[in-house]
Amino acid sequence: MTLKHISIKNLIRRKGKAFFVLAGLVIGVSTVVGIISYIEAMTNDINHKLEKYGANILIVPRTENLTLTYGGLSLGGVSFEMQEIREAKLAQVSSIKNARNIAALGPLVLGVVDVNSHKVLLAGVDFKASAILKPWWQLQGELPDENGVILGAEAARILKLSTGDSFETKDRRFVVSGILQPTGSQDDQLVFARLSTAQALFDKGGRVSMAEVAALCQDCPIEDMVRQISDALPGAKVMAIQQVVKGRMQTLGQFKKFSFGISGVILLIGSLVVLVTMMSSVRERTDEIGIFRAIGFRKRHVMQIIFLEAAIVSGLAGIVGYLLGWGSAKAAVQFFVDGHSGIVPFNLELAAGAFILALFIGLASSAYPAVMAARLDPGEALRSL
Amino acid sequence: MSYITAENLIKTYGRGDAVVSAVCDVSFQIEAGEFVGLMGESGAGKSTLLSIMGAMNAPTSGTFVVDEIDIYSLSSEQQADFRREFLGFIFQDFCLVPYLTVFENVMLPLTIVKKGRKQKQVMVENALSQVGLLEKAARLPNQISGGEKERVAIARAIVNEPPVLLADEPTGNLDSKTSADIMKLLQNFNSDGMTIIMVTHSEACARYARRLMRVSDGKIVADQPFFGKHLAN
């Protein structure tokens with residue numbers, strides 16, 4: 001028999017108190033783990049969604065928008081003086097300082113056409129650039145020639161067209177050279193033709209509706225590149241797609257800080273639960289500790305017994321807390337985050353951290369009760385019998 | 001020099017007008033191998049004296065020396081070591097740990113001793129055999145009788161083979177037959193050379209000792225051998 005046996009036996013005997021301590025720590029640890037896992041999953045989700053966009057900079061015509069509202073009611077907006085982007089101007093993008101970070105520049109011409117009694121958006125694209133900008137495209141068929149188009153999966157279904165079929169629009173006949181596999185994006189709804197074909201179709205010679213830019217490398221200076229492209233194209237509005245999600249990331253960051261604050265409070269409460277429960281336990285065991293001291297246990301032996309009990313319960317709380325927090329995060333992302341795969345990977349570092357945190361809180365909170373127990377005078381303790 | 005020497009022991013509690021003298025200037029000497037009974041009425045100071053002898057209650061003044069060691073000049077941790085190595089203590093009301101088995105209760109003093117597991121097991125089994133409880137080793141204290149609990153307490157006190165055994169009312173809660181059995185056990189240990197100091201208020205139990213010290217109002221009022229009156233084996 002060792003001191004560890006005494007600790008374990010006492011925990012088994014005082015199951016209620018042990019469970020109380022365990023519950024306090026589990027709630028604290030699972031809250032911290034759940035919040036961290038959830039934020040991690042959210043961040044990974046955002047990063048994953050960003051990676052899905054081959055382009056991370058958009059160049060759109062500058063517009064002057066007026067939004068008409070009265071008393072909180074929006075009555076619509078009016079856009080005027082929209083300056084289309086000239087194709088020749090786009091070439092100036094290749095002369096910016098960070099031009100080497102540009103993997104692809106893909107101009108687009110957009111317009112609406114009638115096909116088989118359906119209105120559909122036709123996009124004229126540079127298919128060479130599209131290979132980099134839209135790496136997720138999977139084409140069944142071939143890229144189109146001057147008189148060809150490829151269809152998005154949904155467009156093909158609605159228009160009832162397959163590869164090899166032809167249709168007429170704006171007094172021109174086009175042949176479907178291929179159909180894209182479903183992408184889950186707006187591309188499924190579009191008809192794609194060569195840039196020059198669309199420019200001719202919509203009478204936009206030398207002009208484009210917008211352009212997509214794929215900037216390479218993880219640490220690419222997006223903000224600098226946006227500024228440089230803006231300087232090169234004063235008549236255009238240049239946006240980093242990251243700007244769109246930056247607000248979300250900032251909000252996430254603030255939520256993270258707030259959550260850590262709440263977690264800290266919950267952990268503090270958990271540690272107080274441990275402290276009070278262990279102190280109560282020591283007071284209840286005055287006679288028992290007196291026996292230990294009377295038969296020759298040193299103070300450190302008594303403290304070891306108390307700390308061992310705390311360590312066993314805390315270690316268990318760390319494991320259970322991590323599993324509970326991880327499970328909660330999985331449930332939360334599925335419930336609160338649209339389109340999330342629901343995968344919250346097992347994080348070994350976080351699990352180890354949760355275990356160590358629980359141990360630290362349990363042991364730290366038990367320090368005073370352990371010292372209190374060790375200082376019990378055996379004569380006084382036995383006189384209490 | 002005697003094995004155990006107490007000189008001018010005084011123990012008081014409280015302060016000022018509320019001072020209570022539990023032990024008043026007590027001196028005695030005990031040789032190794034003696035069986036000493038401490039008798040007296042309730043509140044006479046017997047248990048206080050025993051706790052001083054057990055290195056658990058520092059006297060207000062005076063010295064207490066065992067085997068040339070001045071017990072109360074030691075630190076509290078050294079006193080704990082002294083208790084572990086020199087003393088076996090049989091407490092009033094058994095003082096068994098309720099959630100440990102009979103075997104584990106007897107093993108308790110050996111928990112912190114640096115001996116092999118097998119050796120400790122043999123020592124516990126020997127102690128239980130001596131008190132006749134080996135077959136009940138797996139039981140919990142609430143599953144055995146009062147007499148058996150006392151035997152377990154005795155086994156725990158002697159498992160470490162201490163030279164001195166202190167017993168505080170070892171038969172206080174037992175019937176006469178069981179008390180006699182317990183006293184015979186103690187006599188056997190004494191025959192093997194163990195020094196025993198026993199507090200009792202029972203004349204019947206006191207007769208098993210070879211020397212009797214009567215305590216009254218914190219003082220030793222009589223100290224005489226039990227020539228011819230003790231119950232031989």
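Q: Which residues does A:Arg207 touch, not counting residues up to four places away in sequence?

A: This is a predicted model, and in it A:Arg207 touches A:Glu84, A:Ile85, A:Arg86 and A:Glu87 once residues up to four places away in sequence are set aside. A:Arg207 itself belongs to strand S12 of chain A, which covers residues 207-208. One of these contacts can be followed along the chain: A:Glu84 is 123 residues apart from A:Arg207 in sequence, yet 6.6 Å separates their C-alpha atoms.

Q: Is A:Arg207 buried, partly exposed or exposed, and why?

A: The general idea is to count neighbouring C-beta atoms, where 20 or more within 10 Å make a residue buried and 12 or fewer make it exposed. A:Arg207 has 18 other C-beta atoms within 10 Å, and therefore it is partly exposed.

Q: Which residues have the most contacts inside the largest nonpolar core?

A: The largest nonpolar core has 122 residues, and those with the most contacts inside it are A:Val29, A:Ile306, B:Leu38, B:Val106, B:Ala155 and B:Ile196. Helix H10 of chain A gives the most to this core, contributing 13 residues. To look at one of these residues, A:Ile306 is in contact with A:Met278, A:Val282, A:Ser366, A:Pro369, A:Ala370 and A:Ala373, leaving aside its neighbours within four places in sequence. There is also a second, separate core of 44 residues, which includes A:Val93, A:Ala129, A:Leu133 and A:Ile179.

Q: How many residues of chain A are in contact with chain B?

A: An interface is read from both sides, and here 20 residues of chain A are in contact with 21 residues of chain B. On the chain A side, helices H1 (3-13), H9 (286-294), H10 (299-336) and H12 (378-383) each supply at least two residues. The residues on that side divide into nine nonpolar, five polar and six charged. For the complex, the predictor gives an ipTM of 0.89 and a pTM of 0.67.

Q: How do strands S9 and S10 of chain B run, and how many bridges join them?

A: Strand S9 (residues 211-216) and strand S10 (residues 219-225) of chain B run antiparallel and are joined by six bridges. Among the paired residues, B:Ser216 has B:Lys219 in S10 as its bridge partner. The two strands form a hairpin with two residues between them, and B:Asp217 in the turn has a positive phi of about 50 degrees.

Q: Where in chain B is confidence lowest, and where is it highest?

A: Chain B averages a pLDDT of 89, with 97% of the residues scoring at least 70. Confidence in chain B is lowest in helix H7 (residues 203-206), at a mean of 87, and highest in helix H3 (residues 102-107), at 96.

Key:
Residues are numbered from 1 along each chain as its sequence is written. Chains are lettered from A and ligands numbered from 1 in the order in which they are written. This is a predicted model: local features need pLDDT of at least 70, side-chain atom pairs count only at pLDDT 80 or more; totals for chains, interfaces and linings use all residues. pLDDT is the predictor's confidence in each residue, from 0 to 100. Helices (H or I, at least four residues) and strands (E, at least two) are DSSP runs, numbered from the N terminus. Two residues are in contact if their C-beta atoms, placed from the backbone, lie within 7 Å. Ala, Val, Leu, Ile, Met, Phe, Trp, Tyr, Cys and Pro count as nonpolar, Asp, Glu, Lys and Arg as charged, and the others, Gly among them, as polar. A nonpolar core is a set of buried Ala, Val, Leu, Ile, Met, Phe, Trp, Tyr and Cys residues joined through C-beta atoms within 7 Å. Two strands pair if DSSP finds at least two bridges between them.
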